[in-house]
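Biologist: I have not seen this model before, and I would like to go through it with you step by step.

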Amino acid sequence: MTLTAYLRIVGLGLVFRLREFAVSRWFIQMATVQPIVFASIAFYLFHAGGRPGTLLYAALGAGMMGIWSSTLFGSGGALQWNRMQGTLELLVAAPPPFLVVLLPLTLATSITGAYAIVATLVWGRIFFGVPLHFVHPLAFALAVPIAVVALGLMGLLMATSFVLYRNANALANFLEYPVWVVTGLLFPVALLPGWVAPISWLLAPKWGIDAIRNAALGGAVWRPLGLCVLTGAAYLVLAAIFSGIFERRARAEATRSLT
Amino acid sequence: MNSTNFRVFGIGGLIAYRGLFNWIRPRIYIPTMLGAPLFQIIFFTYLGKYAETGQSADFFIVGNAVQVCSMSAVYGMTMAIANERQFGTLGPLLASPASRIAIFLGRGVPVLANGLVVSAFGFIVGAALLGFRPGLSSLPALALITVVTAASCTCFGMVLGSIGLRGKDFFFVANLAYYLLLLFCGINVPLSTMPEWMRVVGDCLPLTHGVAAARHVAAGESLQSVAGLAGTEAVIGIAYAATGYLMFRLLETASRRAGAMDTF
């Protein structure tokens, strides 16, 4: 198969998955209600404390939390749903590499999650008077899609390893809060013990939110954005390596279709 | 309650739990029911610290340690009733002559026990990692309030589970309920800083009074001083249990009439 064929699969797969998720109440809830709840909690806390100026900071962080949740549960859940419906074997057995089949799915989960940023900004503006003034609007417009794609690639890396586990959902349930904590989505990583920072450097949401926040509130945008691209690319390479290994292992251990 | 009803309540509830939650293994339970609450407590404690609200870490630790019981209460109770329909066992269950109230309430006991385990773990995490140090003398009262609050949440879960008897997207409702409890019940945001209408909603939900009582007790106050709050929490729980049971019976009748018991 040619590169054009792969791109066509990714493109068509992306459109198909986006349309599928756009009518899923569960995804809409994950990408709107949940971030709005967390954003509201953060708004009230920051209002009550000495940080009313950080409302935009909270809105963006809560939005990124929604993207992560959508990617995490989408990537973990989608495999589990296909496994339950008996279609996972068909996806794996299809002629294109499994990675190419999986990529549009994980990208669609993070793109659907991007509703969260819109939701938290609109919610914050209407109900909490969050100022929507962006210091570098063009950089902001660039940083958001790059962060979303990087998270989609992170979802791809997770999904390739989730193939191996029958209980991928449980792992997804566990990973939601730790990544919110470690990547500093609502509070700086500097508040946490020193050993947490190096872990955060490996995670695209940390660079994504740094780039988005710096674009919105002022600060260096290009370095975190570059690191976000770099971590995303690293996830893609690792996913390509792992998908082959894990797929073979899942076949050998017969763990792919077991629910 | 006669001995048959008691058996349906106790043994029936336990067997139903084992059947409906047969997929629970340590590798699922630990990350979901212990791992997620652990990081929830850490997340909100650090968020509170960063926001400089003036609240101590204990405010967030106690609030979240009590609230995490609702994970079992809301999702567990929803599944304990609604999954009968998904597994195709609702028809035989409701065709049996067993007391409905014994069936209904029996399902809540294992869910309640599970919620208590999760909350206890939350307090242990708070003590081990975040410096939560309640006085030893306050522990029995704290435990009692946690039991009352977890029971009240379980009763709230009964209402959600009853919706699942007929509703299609019951997980959607359960998810929504879980997040609204987090927002409206003063778990992380002091009720005094929220608008009046949110306080009114919060007052009608489980957790609000129980969490407030737990905070007072953890700060060293006596059980007597929070008897009003704990009593209100218990009354709210009873009201939800009654509402849930009423809905269960109404939806059972409606399902029979529409021939829609096992349909989606």
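Biologist: Which three residues supply more of the area that chain B buries against chain A than any other three?

Modeller: This is a predicted model, in which 31 residues of chain B are in contact with 34 residues of chain A. Together the two chains bury about 3400 Å², with 74% of it on carbon and sulfur atoms. Of the area that chain B buries against chain A, 24% is supplied by three residues, namely Phe43(B), Tyr50(B) and Tyr179(B).

Biologist: Which element gives the largest share of the side of chain B that touches chain A?

Modeller: By class, that side of chain B has 21 nonpolar, 7 polar and 3 charged residues. The elements of chain B that give two or more residues to it are helix H2 (26-51) and helix H9 (170-184). The largest share, 15 residues, comes from H2(B).

Biologist: Where does the largest share of the largest nonpolar core come from?

Modeller: The largest nonpolar core has 164 residues, and those with the most contacts inside it are Phe38(A), Phe187(A), Ile212(A) and Phe43(B). Ile212(A), for instance, touches residues including Leu60(A), Met64(A), Ile117(A) and Phe140(A). The largest share of this core, 15 residues, comes from chain A, from helix H7 (residues 137-162).

Definitions and conventions. Residues numbered from 1 in each chain as written. Chains lettered and ligands numbered in written order. Predicted model: local features only at pLDDT ≥ 70, side-chain atom pairs only at ≥ 80, totals over all residues. Heavy atoms only, no water. Contact = heavy atoms within 4.5 Å. Buried area = accessible area lost by both parts, 1.4 Å probe. Helix = DSSP H or I, 4+ residues; strand = E, 2+ residues; numbered from the N terminus. Nonpolar A, V, L, I, M, F, W, Y, C, P; charged D, E, K, R; others polar. Core = buried A, V, L, I, M, F, W, Y, C linked by side-chain atoms within 4.5 Å. Buried < 20%, exposed > 50% of the residue type's maximum accessible area, 1.4 Å probe, protein only. Lists of a residue's contacts leave out its neighbours within four places in sequence.
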